[in-house]
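I opened this model to look up a metal site, a core and a strand. My notes follow the structure.

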Amino acid sequence: MRRTTIWPILALLLLLGSGAGGRVRAADPFTVRGYYVTVTRTPTFGLDAWKKTIDAARADGANLVVLWTAGGFKSKKFPATWGHNKDHENIRKDFVRDLIDYAHKNEIRVLLGFTPFGYDGVNRMSLEHPDWAATGADGKPIKPFGIHSWGRNLCPAQEDVQRFMLEYVREMYLDFYPNADGLLIESSDYAVCHCKRCGAKFFENEFRFVTAVSEMAWKKNANATVVVYPHYFTGAEAPGLGVRGARREFDPRWTVFYTPHSARPDTDLTKKAKGAIWSDDSPALRTPTEIRDAARHARRSGCTGWVPSFEAFTYTPTEPEDGQQYLVGRRQQPLGFGWLKPEQIPYDELPARVNRVAYREYARNPDLSDTDFRTTLGKDLFGAAATPEAVEDALALQRVFVTGRTWWQAAPVASPDRVRAMKTAGQLSAARRTEYWQALDRLREIEQRYRGKEPFSGLYRPAKWAVGEWAGDTRKLLDP
Ligand SMILES: [Zn+2]
């Protein structure tokens, strides 16, 4: 059978065997499970691609998905918010409402994600209103920044800015996607405003909006899930932002959101909250071992939910993001999988499937032994053809595709262009060259071992592709 036929059957068997999709069993450590994904940064993915993403999430035991949508819907009130995304499938066809219905049919709830006063869509308002822009720590107008959507983050002390922010989210939730189950109010992880009215009062000012937008959501639906950051309640320093949080009253209708890089867990707050969600980057950027460690950390922190990022980008950068000029004008390849067509999701490719199995299994049982994980992984990837050697090769392949990867840049071994940029910048050390040679040799071994062997085509294809990228003169890049 072709893999496309086997996969749904395997998924069905797994569902039957494990007590179905997102349903939570009494012994499960997390009542909320799923992925955080950025619709706004995948302009090439249409409704079909997103339905397949929901299918993948369901097969992995998800019951909630965060769809980060700001900047990716065709706002009538604020067209500047999608000016960078004119060719986005959702701007052209507005499919997200249908996608949410589809998720509901699959017993998955959907939260709409956005950042108050920053990031996608919102930061572009500074192009029309330069006076809305935030002030940097040096007292000067803040520098433009972005991922796909470039502009300046905004100052929440200004009434016009507060009004815009509330109107924009009202439009997204009430007019465009009222079937969503709530909001993720994702406080910025990159900048605050240091003007005279913000600074130490920044989170007080942001909190005014958070309160207003939460009331808007609960007025629409008293059971709406509204997820907030801890910055408004604990008074703790916001990691990396150079200001302390506020100390405001916590409304127990809120669910609280923690991340490793921008919002540390707070036991007292967790006790007061409707729920507490841990969100890290392990499925998108790391290995099964790190996914396991994230599950254990989330459980130890008392979180009732685990919703890590599985973001894949397909936009074309217009600025040297990640500090890399070579990325400008080239479409991002989702999860660094350069063999895919722009409209193809990465989640059914073997390196991603390794992490999906890891998420599914460790979300259910963070104490799962390595032996049991490998047995399950083998069955999932190769069915009856599974061998310990094939599982070891799958783990090795996955490791190659995440080693050195960043949100924007593929692993060096999967991107000669990146290695060329490193060489030009004088960053291609002898140690790195050796590391890349060894990884390429490992891929070559995998390619040769599984050539023409159908049950292992998922393993063969990425290896063959990556080895092919280094054919001919390109290999000389790695010469001393
Ligand atoms: Zn300000």
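I worked from a predicted model, where local features need pLDDT of at least 70, side-chain atom pairs count only at pLDDT 80 or more, and totals for chains, interfaces and linings use all residues. Residues are numbered from 1 along each chain as its sequence is written, and side-chain values use heavy atoms, with hydrogens and water left out.

**Zinc site.** I looked up the donors (N, O and S atoms within 2.8 Å of the metal, 3.2 Å for Na, K and Ca). Cys155, Cys193, Cys195 and Cys198 coordinate the zinc ion through SG at 2.2 to 2.4 Å. Their spacing in sequence is C-x37-C-x1-C-x2-C. I checked the angles: 104 to 113° among the four donor atoms, so the site is tetrahedral (four donors, all angles between 85 and 135 degrees). Cys193 is buried at 0% relative accessible area (buried means under 20%, with a 1.4 Å probe and protein chains only). Cys195 also counts as buried, at 18%.

**Core.** I took a nonpolar core as buried Ala, Val, Leu, Ile, Met, Phe, Trp, Tyr and Cys residues joined through side-chain atoms within 4.5 Å. The largest has 155 residues, and Leu67 and Leu183 touch the most other members. Helix α7 (residues 202-220) gives the largest share, nine residues.

**Strand β1.** I found six of the six residues of β1 (residues 32-37) buried, so the strand is largely enclosed by the rest of the structure. I noted parallel pairing with β2 (residues 64-68) over four bridges (strands pair if DSSP finds at least two). Tyr35 stands opposite Val65 there.

Notes
Tetrahedral: all angles 85-135°; square planar, octahedral: opposite > 155°, others 65-115°. Buried < 20%, exposed > 50% of the residue type's maximum accessible area, 1.4 Å probe, protein only. Helix = DSSP H or I, 4+ residues; strand = E, 2+ residues; numbered from the N terminus.
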